[in-house]
Amino acid sequence: MEDNSTKDHKKYAADIDSISKAQARIKPYVHITPVLSSETLNSLAGKSLFFKCECFQKGGAFKFRGASNTVFSLDDEQAAKGVATHSSGNHAAALALAAKLRGIPAYIVIPKNAPKCKVENVKRYGGQIIWCEPTMQSREETANKVLKETGAVLVHPYNDPRTISGQGTLSLEFLDQVPQLDTLIVPISGGGLISGITIGAKSINPAIRVIAAEPKGADDAAQSKASGKIITMAQTNTIADGLRASLGSLTWPVVRDLVDDIITVEDKEIVDAMKLCYEILKVAIEPSGAIGLAVVLSDTFKKNPAFKDSRNIGIVLSGGNVDLGVLWESLHG
């Protein structure tokens, strides 16, 4: 079996150099987010847990790292025409905010069924919203029309080297705050966050384990890893609205080669983990952000001998943009 730690990270969409440059580029704009811990949660897990609170990032999620790296990478001529994306979630708000800070327009194509709180964030940051039908075809067609009309630069939510490098800054920051981490648990959707984190973390500590956390109702990454090729799902069914995307051509090689394992959990486990974050850590997080805790408390993780020597575990609380109406329903459902 090939040793992940010896792989040349330069063959991927990001490397430690691009991530370090991203960290310097976005430093004036991003928050260094706090790390929380709880003896109660440690005793529940039987491990030392460290929670990286990206729910306190600007825009309420880690996505601002990648969006700001991309926006501030553009030359003046590119930037003048603005940026555009199609997104129903945190990337939309992150891009709108990054564009606002650079003083350029952001055109955001949003499906009509997007969570209300995430749409409000885009409005708050001055993004220009263009509505579309809730299908990938409609999203892409509408975005292409916007690009043609405006000349804006398309900023992909995850399948872009600049986005991946920006998200990777989280790992440099986390390992600086908690150098003894031996395992990281990271939510997976399109794979931008976990790709950046894995490349960054394994460049600093080749022995560190990186585990992806995925909902059972949207387990395309787990299926892809098991079959050795990208699997997409026609339909997903999970409360974690931020974890419904499929892997991209740039993120898949990192997940295939460098991510150590993918663990899936049921929505009920995600909601239970959310409750613990609210009640014990006192942080408001969205379902996608709670999935790392759900994984570390799952039997799949606890009973796997491969993780017996995972003692100091970093969990990324990826975002806190939760639709409270939906949350109350899920908690009382």
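**Close-up views of the predicted model**

**View A.** Leaving aside residues up to four places away in sequence, Phe 64 touches Tyr 29, Val 30, Gln 57, Lys 58, Ala 94, Leu 97, Ala 98 and Leu 101, where contact means heavy atoms within 4.5 Å. The model is predicted: local features need pLDDT of at least 70, side-chain atom pairs count only at pLDDT 80 or more, and totals for chains, interfaces and linings use all residues. Residues are numbered from 1 along each chain as its sequence is written, and side-chain values use heavy atoms, with hydrogens and water left out. Phe 64 lies in helix 3; helices (H or I, at least four residues) and strands (E, at least two) are DSSP runs numbered from the N terminus. With a relative accessible area of 0%, Phe 64 is buried; the term denotes under 20% relative accessible area, with exposed over 50% and partly exposed in between (1.4 Å probe, protein chains only). Between the C-alpha atoms of Phe 64 and Ile 285, which are 221 residues apart along the chain, the separation is 16 Å.

**View B.** Helix 3 (residues 63-71) packs with helix 8 (residues 161-177) at an angle of about 130 degrees, and their axes are 7 Å apart. Axes are lines fitted to C-alpha atoms, for helices over the stretch in contact, and angles run from 0 to 180 degrees between N-to-C directions. The two helices are therefore oblique to each other: angles under 35 degrees count as roughly parallel, over 145 as roughly antiparallel, 65 to 115 as roughly perpendicular and the rest as oblique. Helix 3 contributes Lys 63, Arg 65, Gly 66, Asn 69 and Thr 70 to the contact, and helix 8 contributes Arg 162, Thr 163, Ser 165, Gly 166, Gln 167, Thr 169, Leu 170 and Glu 173. By class, the residues of this contact of helix 3 with helix 8 are one nonpolar, eight polar and four charged. Here Ala, Val, Leu, Ile, Met, Phe, Trp, Tyr, Cys and Pro count as nonpolar, Asp, Glu, Lys and Arg as charged, and the others, Gly among them, as polar.

**View C.** Helix 8 also packs with helix 1 (residues 16-26), at an angle of about 85 degrees and with the axes 8 Å apart. Helix 1 is thus roughly perpendicular to helix 8. The contact involves Ile 16, Ser 18, Ile 19, Ser 20, Ala 22, Gln 23 and Ile 26 of helix 1, together with Ser 165, Gly 166, Gly 168, Thr 169, Leu 172 and Glu 173 of helix 8. Five nonpolar residues, seven polar and one charged make up the contact of helix 1 with helix 8.

**View D.** Six strands form an open sheet in the order 1-2-10-7-8-9, with mixed pairing; two strands pair if DSSP finds at least two bridges between them. Strand 1 (35-36) and strand 9 are the edge strands, each pairing on one side only. Strand 7 (residues 183-187) and strand 10 (residues 312-317) run parallel and are joined by three bridges, and Ile 185 has Ile 315 in strand 10 as its bridge partner. Helix 8 packs on this sheet, where it touches strand 1, strand 2 (48-53), strand 7 and strand 10, and its direction makes about 135 degrees with that of strand 2.

**View E.** At one edge of the six-stranded sheet, strand 8 (residues 209-215) runs parallel to strand 9, and five bridges join them. Glu 214 stands opposite Thr 264 in strand 9. Strand 9 (residues 261-265) is largely enclosed by the rest of the structure, because four of its five residues are buried. Helix 10 (residues 220-227) has Asp 220, Ala 221, Ala 222 and Ser 224 as its buried residues, and these pack against strand 8, helix 11 (252-257) and strand 9.

**View F.** Strand 3 (residues 83-86) pairs with strand 6 in the parallel sense over two bridges, and Ala 84 stands opposite Leu 154 in strand 6.

**View G.** Strand 4 is largely enclosed by the rest of the structure, since six of its six residues are buried. Ala 106, Ile 108 and Ile 110 point one way from strand 4, whereas Tyr 107, Val 109 and Pro 111 point the other way, and all are buried. Four bridges join strand 4 to strand 3, with which it runs parallel; the partner of Thr 85 in strand 4 is Ile 108.
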